[in-house]
Amino acid sequence: MINFKGQKILVLAPHPDDEVFGCGGLIARAKREGAKVYVLYFTVGTTKDFSKKGLSTQKERIKEVDQVAKYLELDGYKIAFPGNDYHLTLDNLPQKVLINEIERGDKISLEVIKPSTLLIPDPQDYNQDHRAVALAAIAATRPSPSRYKSFQPLVLTYEYSPSSWSQSSGEHSRNFFVSLTADDLAAKLKALALYKSQLKPHPHPLSVKTTRTLIELRGVQAGVSFAEAFCAKRVLV
């Protein structure tokens, strides 16, 4: 069993809300157990969508980030590439730029934080920003002795409800489960509710009810009440 006490965890979130959809329960549990948790958001902008309002603005989404960070008691966060020039176009940035941001970016990066655990998006995700960040993260965590660069013993890819719509269903790769208490689940769902500009009514994949259902399903698969599922890219014990 893993205890997160004294650990440093870095979450790579292409957009605000990815960190809560994907691993908000783990974040809540880790903070409860005494870990430090940091989030590197890559981009946020004003985005047209299929909601009744028709869009979510950069200003309101940044306000939501502030609220979520305060609620989850994050130890630090940063938005690396804010603005409409980057939002939903991270795949147009050279991979070298993304890799450098992950490895050596100021304030929040592997070399600054030196995390023991890194959480990244699924590289098979349908979203181009998610794939770009995931591939850059895999390159940034390439094996190397720790005397040369920061080394992360635990590297996990997280999932969220829409992840099933991808090049691969990914079900076979859910090989790492983190059990959650009822309080951890409640914290995840409350944090998710703070991203109100991004939530959709059930049965949309980006709904609170769908997220809870997925947590319950992963719990059943792991033999517990609630769990988040990940794909382990590296586990060093």
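A residue is called buried when its relative accessible area is under 20%. Please keep in mind that this is a predicted model.

I begin with helix α7. This helix covers residues 208-222, 15 residues in total. From its first C-alpha to its last, α7 reaches 21 Å, close to the 21 Å expected at 1.5 Å a residue. Which residues of α7 are buried? They are Thr210, Thr211, Leu214, Ile215, Arg218 and Gly219. After α7 comes Gly223, with a positive phi near 80°.

Setting aside neighbours within four places in sequence, where does Thr157 make contact? Its partners are Ile120, Pro121, Asp122 and Pro123, together with Ala229, Phe230, Cys231 and Lys233.

Cys231 leads to my last topic, the cysteines. How many disulfides are there? The count is zero. For Cys23, the closest cysteine sulfur belongs to Cys231 and lies 14 Å away, so the two are too far apart for a bond; a disulfide requires the sulfur atoms to be within 2.5 Å. Both cysteines count as buried: Cys23 has 0% relative accessibility, and Cys231 has 15%.

Thank you for your attention.

Conventions:
Residues numbered from 1 in each chain as written. Predicted model: local features only at pLDDT ≥ 70, side-chain atom pairs only at ≥ 80, totals over all residues. Heavy atoms only, no water. Buried < 20%, exposed > 50% of the residue type's maximum accessible area, 1.4 Å probe, protein only. Contact = heavy atoms within 4.5 Å. Helix = DSSP H or I, 4+ residues; strand = E, 2+ residues; numbered from the N terminus. Expected span 1.5 Å × (residues − 1).
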